[in-house]
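Hi,

Here is the structure I said I would pass on.

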Amino acid sequence: MRTVNSLIGSPIERLEDLRFLRGRGQYVDDLARKDMLHAAILRSSVAHGRIRSIEVTRARALPGVHSVITAKEIGNRVPRVPMRLQPLPDFERFGQPVIAETKVRYVGEAIAVVLADSPGIAEDALGLVETDIEPLPAVADRHASAEDRSLLFEEAGTNLAIRFRAVRGDAAAAFAGAPYVRRERFRTQRHMALPLEPRGLLAEWDAARERLVIYGGAKVLFFNRRTLAKQLGLPEAAIEIVENDVGGGFGARGEFYPEDFLIPFAARLAGRPVKWTEDRRENLMCINHAREAECEVEIACTREGTILGLRGHAYVDVGAYMRTNGAVGARNVAQFMSGPYRIPNIDIDVALQLTNKTPVGTYRGPGRFETDFFRERLFDMVAQDLGLDRVAFRRRNLVSKQEMPYQIATITPFESKDEFDSGDYQATLDRCLDEVNWPEKSKLAGKLIDGRYHGLAVGCFIEGGAAGPKESARIVLERDGLYSVYVGSSAIGQGLETVFAQIAADALEITIERIRGVFHGSTSYVNDGYGAYHSRSVVMGGSAILDAAAKLRDAIRTWAAQRLNCQASAIEIVEGVKAVGPGGNSIALNELSGESISAEGAFLNKKHTYTYGAHAAHVAVDPKLGHVDLLDYVVVADCGRIINPLTVHGQTVGSVVQGLGGAMMEHLVYDQDAQLLTGSLADYLIPTASDFPNIRAVMLEQHPSPINPLGAKGAGEGGIIAAGGIMANAVANALSALHVQPRELPLTPTRIWELVQAAPR
Amino acid sequence: MSVRFCVNGREVDVDVEPRLTLADCLRHHLRLTGTHVGCEHGVCGACTILLDGAAVRSCLMLAVQAEGAEVVTVEGLSNDADLTPLQKSFRKHHALQCGFCTPGMITTAHALLSEEPNCDAARVREVLSGNLCRCTGYIPIVEAVLEARAAYRPKAQAGDRGGDRA
Amino acid sequence: MKLPPFEYACPTTLPEAVQLLAGHDGEAKALAGGQSLVPMLAFRLAQPALLVDLRKLADLRGIRISEKGVALGAMVRWREIEDDERLDTAHPLLKAAIAHVAHYQVRNRGTVGGSLAHADPAAEMPGIAMTCDAEIAVVGKSGARVIQAADFFQGALTTALTSDEIIVEVSLPAWPARRRWGFEEFARRRGDFAMAAAAVFYDESEDGKARNAHVGVIGVADRPMRLPAVEEVLNGRTIDQATIAEAETATSAAVDPQDDIHASAAYRRALVGTMVERALKRAAA
């Protein structure tokens with residue numbers, strides 16, 4: 001269907017800003033109920049241990065404390081956190097009980113829940129709970145894990161959760177005859193999404209109607225409702241999860257965590273609303289961690305630089321349990337190591353090793369940030385070895401648009417084939433080189449100017465989007481003539497209320513003011529929603545809205561045909577306000593029926609879209625300080641279809657800065673006893689306004705996706721994906737005279753200085 | 001303990017424990033939830049308010065320390081009728097995504113521009129380096145603050161800024 | 001991270017404040033700007049029974065400049081130092097160092113006395129106090145006394161103050177107009193605690209040689225340090241490339257930093273040498 005493209009593609013200022021700018025957003029901690037209890041959670045300070053006893057008498061006796069909940073109160077079958085993605089049977093034995101039962105397996109694991117009259121008293125009571133935990137040897141890294149001497153799950157007999165394998169072609173044969181092979185090891189560090197708003201929940205149990213309402217949902221509310229219903233023995237219809245305003249997600253917020261059971265359970269047990277607000281100390285040790293990966297890889301090429309094969313072993317430290325999406329990042333490390341490049345023969349396996357640390361989950365560009373770093377570092381090393389230009393080497397091996405759709409390595413188990421939908425990777429590389437002024441700037445490569453070495457790097461990426469299987473939308477023509485849009489997608493700050501209003505308004509051929517609002521996420525809005533993850537909202541939610549809009553217009557024509565006594569096909573809807581019949585007679589839309597008119601739509605999808613592009617950076621490195629000054633950073637990305645240039649540009653810049661944080665400074669540091677040493681924002685460092693002021697993003701829409709009516713591909717993760725590889729390559733390029741080769745992130749001052757000291761002279 | 005102070009031009013009288021922070025007092029006792037809490041240890045800046053005109057971290061102040069003071073929150077820097085020039089500039093430059101850091105950014109920027117309407121980009125970045133944002137990457141925020149300078153310069157009327165405390 | 005329960009007092013006179021601290025057997029703590037103390041309470045690293053708010057004590061306010069030098073009241077906030085133009089000449093090294101303290105909002109509240117009493121090994125004010133031979137005037141139940149900076153800092157977050165003592169003011173000796181000085185700091189991000197910083201000054205004899213050299217460093221030990229070995233390198237010599245290079249080497253040799261999550265010992269050792277080198281380059285320029 002053709003849409004009137006006046007709003008799609010416009011840089012409309014966001015509708016949600018009107019409340020956010022005035023401090024009128026409503027985040028879950030802003031909510032209150034008169035008789036609510038406040039929950040505080042006692043968390044293990046031991047990384048690995050057997051629980052001998054939990055004594056709560058003193059805590060219960062503190063004035064203002066209502067009750068204390070442990071595994072005992074929950075009963076014989078403490079529910080497990082389910083796996084939402086890749087729920088392989090192998091993972092079940094590593095599932096997390098929503099509260100510690102016999103063992104604790106990471107610092108931060110929930111042991112007890114205190115309910116009290118105020119958050120302060122609840123926290124005071126935590127100090128009065130006496131736990132007797134017999135410490136067990138902590139498994140602090142993937143090597144200790146692989147030894148299988150101290151087991152996290154004795155019955156499983158191993159700390160290896162699973163091994164995936166990505167295969168394409170015949171790597172053994174390719175390597176056997178290869179004229180050039182290079183082998184390397186690389187490592188990315190544990191870090192995390194760190195949304196600025198910590199988590200929170202407010203649960204209310206209506207005993208009379210046996211209904212549960214939970215505020216504070218995000219990302220995947222429908223899955224969480226389904227899960228909770230099973231865990232509490234309630235029908236799904238008895239539970240409503242509401243999405244309020246959400247202070248960032250980036251993959252980590254919204255997944256089903258232990259608290260998503262504990263707080264509603266507490267509300268039902270206490271018969272009073274229960275509110276829980278996570279504090280930052282908890283947030284650092286409790287929401288999904290990510291990115292800790294290591295690899296030993298080999299690449300085989302011809303002397304002219306054609307890549308023949310890529311093989312190796314990767315290891316991902318997945319923490320103490322397999323939670324909702326803990327396998328995704330690791331899988332992606334293997335499956336996407338080739339990136340946008342043509343690598344005909346691939347054999348990469350990835351081992352998921354359990355350790356006594358916080359469990360991992362997806363964080364923006366899961367597995368892709370890590371694997372891009374591994375690959376792009378390798379490429380620059382290969383180009384240097386073979387005496388080839390780094391850009392030419394990449395050009396030679398980029399998948400071409402003629403090869404689309406291009407199938408990448410198949411991953412097993414949970415076999416998944418994937419293919420790139422469309423794109424011209426050379427074009428975005430060309431544009432990127434142009435924007436950064438590569439020919440001029442590369443003259444500075446390796447030069448020492450005013451005590452700093454200058455370096456450049458460029459690299460290409462792909463970003464996966466549009467995960468299926470489905471999304472739902474519902475549009476209602478209200479009796480006052482305005483339209484309300486309901487969608488199963490979740491908002492996490494990406495501007496859905498505006499972007500979806502643009503899509504809906506264009507599809508309904510109305511001005512944006514005629515849209516009352518876009519209502520998203522909460523389980524009461526649509527029957528079958530899915531949420532926001534894997535850059536799917538525009539493709540899935542947007543396409544569902546198109547479907548709903550088309551169906552609504554059909555419904556309107558049917559009503560109008562009845563009233564105007566003609567065929568529905570003869571009705572013309574004018575400006576979304578009136579219906580006109582063949583004879584010129586018309587009727588206002590909101591007079592068609594005594595009620596509102598609504599229609600539901602959906603979009604089903606089994607294929608992924610691939611936004612793609614290139615990044616380039618120009619740095620100046622002070623070898624004595626180990627400081628990297630980012631002089632220029634350019635991203636060029638083609639996302640198929642731009643709905644709102646303002647928001648997609650903003651997402652990309654923000655994504656790059658997160659990536660730079662991961663490349664340069666963010667690190668969740670554990671000691672040998674698996675104690676988390678970075679327990680505050682003074683130790684876990686994220687970028688501030690002073691750190692990276694020179695970032696530019698160019699968003700293109702030259703190659704729409706063929707797999708959805710909008711032609712969109714989704715965006716938001718591309719900025720972060722390439723940052724690690726780019727910065728490491730730029731530093732290597734800058735310090736090439738000193739033969740510095742970074743193989744590990746983050747590129748802290750200490751690390752860079754040590755590389756400079758260690759380099760052969 | 002009983003504390004009396006002025007919030008957004010209105011006198012308030014609250015009875016609080018000494019340990020209650022000013023941030024929690026504003027949010028939960030006075031129901032001014034525009035001021036956000038992101039860390040409770042003085043790093044993220046989401047809790048920034050104006051205390052007698054100066055930008056401070058309300059999570060590091062006790063409510064009882066506000067006795068006799070003039071406090072202005074993001075609500076006091078806003079009005080129902082229209083967005084202020086600073087807010088308009090934020091919106092124009094897409095200087096917010098999830099909105100959680102935004103009240104702190106607005107309050108800090110207002111304090112800076114009120115004192116230094118001719119500040120440059122480096123100064124804006126320096127001052128905002130005490131406010132964390134995880135969504136925008138800061139660049140549009142700095143652009144928004146720079147564009148808003150015009151509204152704070154002497155030839156502009158104080159009333160043009162809209163929403164200033166009475 | 002709600003604060004633990006405590007009682008709160010806001011005395012209006014210094015004797016009253018001392019009495020409150022003295023009467024609580026070490027369980028009371030003075031509250032100045034709160035920028036260091038409140039986070040400690042939030043993490044429950046300290047759980048005092050009573051907080052004694054110093055904000056009403058007029059005796060602790062004000063910046064006084066005389067021919068004797070600069071006297072900073074304990075409750076002087078960083079902002080006041082930033083805004084006081086007299087300090088551009090009366091103590092440019094102090095001003096330069098304070099420019100690195102934390103962030104905009106913290107600088108509106110944080111105080112000189114609070115920083116000294118907290119004694120973070122990487123804080124600028126203790127570094128300036130050590131480098132400049134500051135005198136710290138305190139009042140306690142036994143009366144008033146003056147503590148030399150060299151005796152004041154006794155370890156990480158540890159000072160010579162007894163639990164009943166309150167800092168009243170810190171005095172820095174007069175700063176001659178022709179004095180040469182430099183301050184260099186490197187932190188992970190702007191406003192973070194220094195990984196290492198150096199404050200240096202010297203006066204010049206008529207022959208252009210340095211004398212009265214003072215070299216102070218922070219971030220490389222459990223307290224701020226003067227480096228007499230480095231001062232020896234400088235005194236009696238022209239501060240040229242060769243001298244500076246020797247001073248850098250002597251600096252690294254004179255310290256013994258520890259590894260931590262932000263920097264390795266070896267890196268810090270080299271970094272502080274670089275800080276002294278760069279500070280001296282500035283001073284000599």
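**Where chains A and C meet**

Chain A puts 23 residues into its contact with chain C, and chain C puts in 15. On the chain C side, the top contributor is helix 12 (residues 265-284), with 4 residues. That side of chain C is made up of 9 nonpolar, 2 polar and 4 charged residues. Before you read on, please keep in mind that this is a predicted model.

**Where chains A and B meet**

Here 43 residues of chain A are in contact with 44 residues of chain B. On the chain A side, helix 1 (17-20) and helix 17 (645-664) are the elements that give two or more residues. Helix 17 of chain A has the largest share, 7 residues. By class, the chain A side that touches chain B has 19 nonpolar, 14 polar and 10 charged residues.

**The two domains of chain B**

Chain B splits into domain 1 (2-77) and domain 2 (85-161). Their C-alpha centres are 21 Å apart. Where they touch, domain 1 of chain B supplies 15 residues and domain 2 of chain B supplies 12. On the domain 1 side, strand 3 (48-51) and strand 4 (54-57) of chain B each give at least two residues, and strand 3 of chain B gives the most, with 3. The domain 1 side has 9 nonpolar and 6 polar residues, and no charged ones.

**The nonpolar core**

The largest nonpolar core has 408 residues, and those touching the most other members are Ala39(A), Val114(A), Val485(A), Ala504(A), Ile545(A), Met727(A) and Val731(A). Helix 16 (residues 537-564) of chain A gives the most to this core, 13 residues.

**One more valine**

Val698(A) sits in strand 32 (residues 695-700) of chain A. Leaving out neighbours within four places in sequence, Val698(A) is in contact with Arg431(A), Glu435(A) and Val636(A). Val636(A) is 62 residues from Val698(A) in sequence, yet their C-alpha atoms are 4.7 Å apart in space.

Cheers

Terms used
Residues are numbered from 1 along each chain as its sequence is written. Chains are lettered from A and ligands numbered from 1 in the order in which they are written. This is a predicted model: local features need pLDDT of at least 70, side-chain atom pairs count only at pLDDT 80 or more; totals for chains, interfaces and linings use all residues. A nonpolar core is a set of buried Ala, Val, Leu, Ile, Met, Phe, Trp, Tyr and Cys residues joined through C-beta atoms within 7 Å. A residue is buried if 20 or more other C-beta atoms lie within 10 Å of its own, exposed if 12 or fewer, and partly exposed in between; C-beta atoms are placed from the backbone. Two residues are in contact if their C-beta atoms, placed from the backbone, lie within 7 Å. Ala, Val, Leu, Ile, Met, Phe, Trp, Tyr, Cys and Pro count as nonpolar, Asp, Glu, Lys and Arg as charged, and the others, Gly among them, as polar. Domain bounds come from an automatic or database domain assignment.
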